[in-house]
Amino acid sequence: MKYCIGILCIVSILKAEAQSSALVIADSLYAVGNYTKAIENYRSLDTQNAMTHLQVARSYKAMGNHTLALESYKLSLVEMPDQPIAATEYGKLLITKGQFVRADTIFSKLSKAYPDNPEYFYQWGRALKRIKGRNGAEVHHSDTITMPYEKAFAKAVQLDSTHQRALFQLGLHYLKESEYGWVEKICFKALESDPENVEIINILAQNFHNRGFYTEAITWFEKLLALGQSNLFIHDKLGYNYYQENMYELAIEHYNIVLNYNDEDYGVHLTLAKLYGFLKDIEKAEYHAKQALILKDLPLDDVHYTLGRTYQINKKYEKAVTEYKRAINENPTHIHAHHGIVVCADNYYEDKKAVIVLYERFIQKFEGNIKATGFIYLSKERIKKLKKEVFLAEEKE
């Protein structure tokens with residue numbers, strides 16, 4: 001009897017050692033990235049427990065087979081529900097797979113179980129944000145708790161003021177809400193711990209751009225370029241902000257880069273036509289205006305107006321009037337074009353009485369139109385000066 005018991009003990013020990021050896025081999029295969037073989041070895045083990053299921057899940061995830069990874073994570077959590085590490089990995093993968101409600105359940109439980117862990121609140125906020133984006137409403141849980149996603153991100157930041165991803169999400173939320181002061185506060189706080197966080201800098205640049213703080217926006221968009229970031233969005237916004245600051249050469253530089261991304265962008269060609277017009281480079285202004293004419297669908301009034309304005313700046317008044325008239329044919333209420341014709345006539349008509357008539361007709365046509373208020377004021381002031389000039393000329397005669 002004792003002999004039999006001894007044999008059984010030896011067999012058990014040998015089996016345990018073999019099981020342990022097989023587990024070591026499986027873990028080694030996983031560590032070197034031989035995931036398929038690792039899965040085979042894990043599944044060959046006599047005992048399938050929470051840890052083996054977890055390792056199989058990790059192997060499938062590493063291979064990119066998220067469906068089978070989720071199944072194995074679930075098996076691991078069935079075996080041992082109170083596994084924060086497995087639950088965390090499972091919840092993150094649920095978000096990746098678009099299963100946001102399940103992820104919400106996982107991270108809401110983890111956040112309550114571990115209320116001092118900022119990462120759980122951050123991941124919970126990710127799930128809540130995607131659910132709200134899908135449903136357009138806040139999420140009501142079965143336990144009657146309602147958590148707006150931005151509060152989850154804010155809680156993560158409260159627990160860890162250096163949590164860059166939570167700060168980014170919180171900054172992005174306030175940017176969309178046009179809460180500009182909060183955006184600055186959050187972004188500058190994030191930059192204290194990571195001065196080169198390009199996502200945060202991007203939000204900060206957009207924040208200043210949206211507020212019309214063009215000099216500050218330029219500073220931060222240029223910072224992105226200095227950090228190796230270069231895309232259509234950045235160059236387009238730099239072009240716009242330099243334009244607003246009357247830094248036309250730099251605006252042109254960036255808008256030309258934008259054209260490298262899409263040389264059939266009507267709006268960029270039109271803007272370049274305006275910019276070259278300001279610099280009195282009529283050849284390039286004409287080129288881009290004509291490109292805009294080719295690319296733009298009807299109506300074309302703004303293109304003709306831009307070309308007319310370019311000619312006017314360069315004192316080619318007859319050509320300017322031709323383009324202004326084309327703009328008016330496209331849009332009879334184009335105030336700028338109507339006023340442009342009168343100003344051109346004022347510059348090249350010798351008969352100032354005829355010019356006065358043109359100004360009076362302009363005033364009569366647009367009197368009461370709030371958009372024409374400035375032009376009407378200028379026209380009335382010009383009429384006064386012209387009448388004085390005509391009177392003095394007649395006195396001399």
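By class, the lining of the largest pocket comprises eight nonpolar, two polar and two charged residues, where Ala, Val, Leu, Ile, Met, Phe, Trp, Tyr, Cys and Pro count as nonpolar, Asp, Glu, Lys and Arg as charged, and the others, Gly among them, as polar. Before I go on, please keep in mind that this is a predicted model, in which local features need pLDDT of at least 70 and side-chain atom pairs count only at pLDDT 80 or more, while totals for chains, interfaces and linings use all residues. Residues are numbered from 1 along each chain as its sequence is written, and side-chain values use heavy atoms, with hydrogens and water left out.

The largest pocket has a volume of about 270 Å³. A pocket here is an open set of points on a 1 Å grid over the protein atoms alone, where a 1.4 Å probe fits, with protein on both sides within 12 Å along at least five of seven lines, and lining residues have an atom within 4 Å of a point; the volume is the space filled by probe spheres set on the points, which are joined across faces, edges and corners. Among the lining residues are Leu77, Pro81, Asp82, Lys109 and Tyr114. Helices α5 (84-96) and α6 (100-113) each supply at least two residues of that lining, and α6 gives the most, with five; helices are DSSP runs (H or I, at least four residues), numbered from the N terminus.

The axes are lines fitted to C-alpha atoms over the stretch in contact, and angles run from 0 to 180 degrees between N-to-C directions. The contact (heavy atoms within 4.5 Å) includes Tyr266, Leu270 and Ala273 of α15 and Ala285, His288 and Leu295 of α16, and its residues divide into nine nonpolar, four polar and one charged.

How do the axes of α15 and α17 (residues 301-313) cross? They come within 8 Å and cross at roughly 15°, which makes α15 roughly parallel to α17. Tyr266, Leu270 and Ala273 are among the α15 residues that meet α17, where the partners include Val303, Thr306 and Ile313; by class, this contact has six nonpolar, three polar and two charged residues.

Finally, the axes of α20 (residues 352-366) and α21 (residues 373-396) come within 9 Å and cross at roughly 155°, so α20 is roughly antiparallel to α21. Residues in this contact include Ile356, Tyr359 and Ile363 in α20 and Phe375, Ile383 and Leu386 in α21, and the contact divides into eleven nonpolar, one polar and seven charged residues.

Technical notes:
Angles under 35 degrees count as roughly parallel, over 145 as roughly antiparallel, 65 to 115 as roughly perpendicular and the rest as oblique.
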